[in-house]
Amino acid sequence: MAIHLVKFAPNVDGIIEDLWPDLQALLHLAAAASFSMYRKPLILTSLWREPLHDGDIHGLNRAFDFDVDDRDKYNGLQPDEALFISELLNKYGKYDSSRPYLKCAVYGDTDVNDRHWNHVHVQVHPNTVIAPFFA
């Protein structure tokens with residue numbers, strides 16, 4: 001039986017290998033946490049996309065989104081599980097030391113624009129630092 005740690009929602013463009021290396025590390029950490037903690041795959045809802053505006057980081061391969069099954073439709077990550085994973089990503093990923101209020105994982109209350117409740121947005125910056133996982 002094949003087990004997939006990462007699945008793609010329909011109509012997701014891009015490939016993981018084109019993402020910035022720091023972002024790939026965070027994606028793999030999120031997938032490993034989702035599987036090891038909850039026995040659920042990480043369902044990617046957005047990787048690369050045509051830029052919606054100048055500087056759209058999805059168009060720069062510096063962001064991905066993963067789904068939160070907030071309506072409990074398919075036994076996906078529940079909101080508390082997604083919160084745990086987003087906090088884990090923010091523990092190890094520091095988006096930009098000159099702007100510590102910005103996060104690598106944006107979900108729920110960490111989103112000042114209040115748009116990220118049904119998915120987690122994960123992003124990196126050229127100044128992103130990933131702390132060692134096994135120190």
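**View 1. Strands β3 and β6 run antiparallel and are joined by five bridges.** In this predicted model, in which local features need a pLDDT of at least 70, side-chain atom pairs count only at pLDDT 80 or more, and totals for chains, interfaces and linings use all residues, phenylalanine 66 has valine 120 of β6 as its bridge partner. Residues are numbered from 1 along each chain as its sequence is written, and side-chain values use heavy atoms, with hydrogens and water left out. Helices (H or I, at least four residues) and strands (E, at least two) are DSSP runs, numbered from the N terminus. Strands of a sheet pair through backbone hydrogen bonds, either parallel or antiparallel. Two strands are said to pair here if DSSP finds at least two bridges between them.

**View 2. Strand β6 is mostly covered, with five of its five residues buried.** Buried means under 20% relative accessible area, exposed means over 50%, and partly exposed lies in between (1.4 Å probe, protein chains only). His119, His121 and Gln123 point one way from β6, whereas Val120 and Val122 point the other way, and all are buried. Strand β6 also pairs with β5, in the antiparallel sense and over two bridges, and here alanine 105 stands opposite valine 122 in β6.

**View 3. Five strands form an open sheet in the order β1-β2-β3-β6-β5, with mixed pairing.** Strands β1 (6–8) and β5 stand at the edges, and each has a single partner strand, so one side of each is left without a neighbour in the sheet. Strand β2 (residues 42–46) pairs with β3 in the antiparallel sense over two bridges, and leucine 44 stands opposite phenylalanine 66 in β3. Helix α1 packs on the sheet, where it touches β1, β2, β3 and β6, and its direction makes about 140° with that of β2. Axes are lines fitted to C-alpha atoms, for helices over the stretch in contact, and angles run from 0 to 180 degrees between N-to-C directions.

View 4. Among the buried residues of α1 are Leu23, Leu26, Leu27, Ala30 and Ser34. An α-helix has 3.6 residues a turn, so residues three or four places apart point the same way. Serine 34, which lies in helix α1, is buried with a relative accessible area of 0%. Leaving aside its neighbours within four places in sequence, serine 34 is in contact (heavy atoms within 4.5 Å) with Arg39, Lys40, Pro41, Leu42, Leu77 and Ile85.

**View 5. Helices α1 and α2 pack at an angle of about 140°, with their axes 10 Å apart.** That angle makes α1 oblique to α2; angles under 35 degrees count as roughly parallel, over 145 as roughly antiparallel, 65 to 115 as roughly perpendicular, and the rest as oblique. The crossing of α1 and α2 is right-handed, a term used if the near helix is turned clockwise from the far one by less than a right angle, and a crossing is left-handed if the turn is anticlockwise. The contact is made by residues including Leu26, Ala30 and Ala33 of α1 and Ile85, Leu88 and Leu89 of α2.

**View 6. Helix α2 (residues 79–92) has 14 residues and reaches 20 Å from its first C-alpha to its last.** This reach is close to the 20 Å expected at 1.5 Å a residue. Buried residues of α2 include Glu81, Ala82, Ile85, Leu88 and Tyr92, and what covers the buried residues of α2 includes α1 (21–38), β3 (63–67) and β6 (119–123).

**View 7. Aspartate 72 and asparagine 75 have positive phi values.** Most residues other than glycine have a negative phi, and most peptide bonds are trans. Aspartate 72, in the loop between β3 and α2, has a phi near 55° and counts as exposed at 51% relative accessibility. Asparagine 75, placed in the loop between β3 and α2, has a positive phi of about 60° although it is not a glycine, and asparagine 75 is exposed, with a relative accessible area of 56%.

How values were computed: The expected span of a helix is 1.5 Å times one less than its number of residues.
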